[in-house]
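Please look over the structure below before reading the notes.

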Amino acid sequence: MFYTFVKYVFRLFFLFAFRIKTVGKEKVIMDKGAVFACNHKSNWDGLIIIATCPRHLSFMGKAELFKFKPFAFILKKFGVFPVNRGKGDISAIKTSLKILKEEKAFMMFPEGMRVKKYEQANVKPGIAMISTRAEVPIVPVTITGTYKWMNRITVTYGEPIYFDEFYGEKLSVEKLQEMSVSVMDTIYDTDKAAGGK
């Protein structure tokens, strides 16, 4: 209830503030577990996704955000769970897999942090690892535009990506990295096609 209420508040705000446009919502997988992967350019990104995605999403959030208890309480209401970046957080991975096994969905930013320019070296292998372990598809999400008052922001939901040929296999970090990069290449190709940089 809280999530739904805030979702519509955000949607109204973003429609006014950034003339938000959503493309491809019909491609969003609604009836089973799915990982949503998105480029990450601003602190607004997570809220934009909440406002536009037809599914209730959980999110990974850096552990530092949970140090302030009142803020941590709000984050948990939104389904955000902590992850220790750069440390191979087993607890966060287990939480992710549990969400997906329950046929729910969550969002990841595979680059791990906000970036101004796409570089394949910044992509982490986690998105492919979680997708193949949970045996669920990845929905690529592209945010295009600059967060300036009344400047259009477009959110594009792409065709789901399936790595089903790798389900049940033990993959090397290098292979997972390669797969994750292919996901981000798809996302940034959409950004370029839409006029992003």
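Predicted model: local features only at pLDDT ≥ 70, side-chain atom pairs only at ≥ 80, totals over all residues.

Residues are numbered from 1 along each chain as its sequence is written, and side-chain values use heavy atoms, with hydrogens and water left out. Helices (H or I, at least four residues) and strands (E, at least two) are DSSP runs, numbered from the N terminus.

**The sheet**

- Seven strands form an open sheet with mixed pairing, in the order β1-β7-β6-β2-β5-β3-β4; two strands pair if DSSP finds at least two bridges between them.
- β1 (21-23) and β4 (80-83) are the edge strands, and each has a single partner, so one side of each lacks a neighbour in the sheet.
- On average, neighbouring strands of this sheet are turned by 25 degrees against each other, direction ignored.
- Helix α2 (residues 45-52) packs on the sheet and touches β1, β2 (34-38), β3 (57-62), β5, β6 and β7; contact means heavy atoms within 4.5 Å.
- The direction of α2 makes about 65 degrees with that of β7, where axes are lines fitted to C-alpha atoms, for helices over the stretch in contact, and angles run from 0 to 180 degrees between N-to-C directions.

**Strand β6**

- β6 (residues 138-144) pairs with β7 (residues 154-157) in the antiparallel sense over 4 bridges.
- Two of the bridge partners in β7 are T154 for T144 and Y157 for V141.
- β2 and β6 run parallel and are joined by 4 bridges, with A37 opposite P140 in β6.
- In β6, 7 of the 7 residues are buried, so the strand is largely enclosed by the rest of the structure; buried means under 20% relative accessible area, exposed over 50% and partly exposed in between (1.4 Å probe, protein chains only).
- In a regular strand, side chains alternate between the two faces of the sheet.
- I138, P140, T142 and T144 lie on one side of β6, and V139, V141 and I143 on the other.

- The largest pocket holds about 1400 Å³ of space.
- A pocket is an open set of points on a 1 Å grid over the protein atoms alone, where a 1.4 Å probe fits, with protein on both sides within 12 Å along at least five of seven lines; lining residues have an atom within 4 Å of a point.
- Grid points are joined across faces, edges and corners, and a volume is the space filled by probe spheres set on the points.
- 48 residues line the largest pocket, and M60, G61, V83, F109 and G112 lie nearest its centre.
- α5 gives the most to this lining, with 6 residues.
- 8 of the 9 residues of α5 are buried, so the helix is largely enclosed by the rest of the structure.
- The cover over these buried residues includes β2, β3, α4, β5, β6 and α6.
- Just after α5, E135 takes a positive phi of about 60 degrees.

**Aromatic rings**

- The whole structure has 11 aromatic pairs; rings of Phe, Tyr and Trp (its six-membered ring) pair if their centres lie within 6.5 Å, and planes under 30 degrees apart count as stacked, over 60 as edge-to-face and the rest as tilted.
- Y118 and Y188 form a stacked pair, 4.1 Å centre to centre with 10 degrees between the planes.
- This pair links distant parts of the chain, 70 residues apart: Y118 is in the loop between β5 (105-108) and α5 (126-134), and Y188 is in helix α6 (residues 173-193).
- Y188 is buried, with a relative accessible area of 9%.
- Ring pairs also link F10, F13, F14, F18, W44 and Y147 into a cluster.
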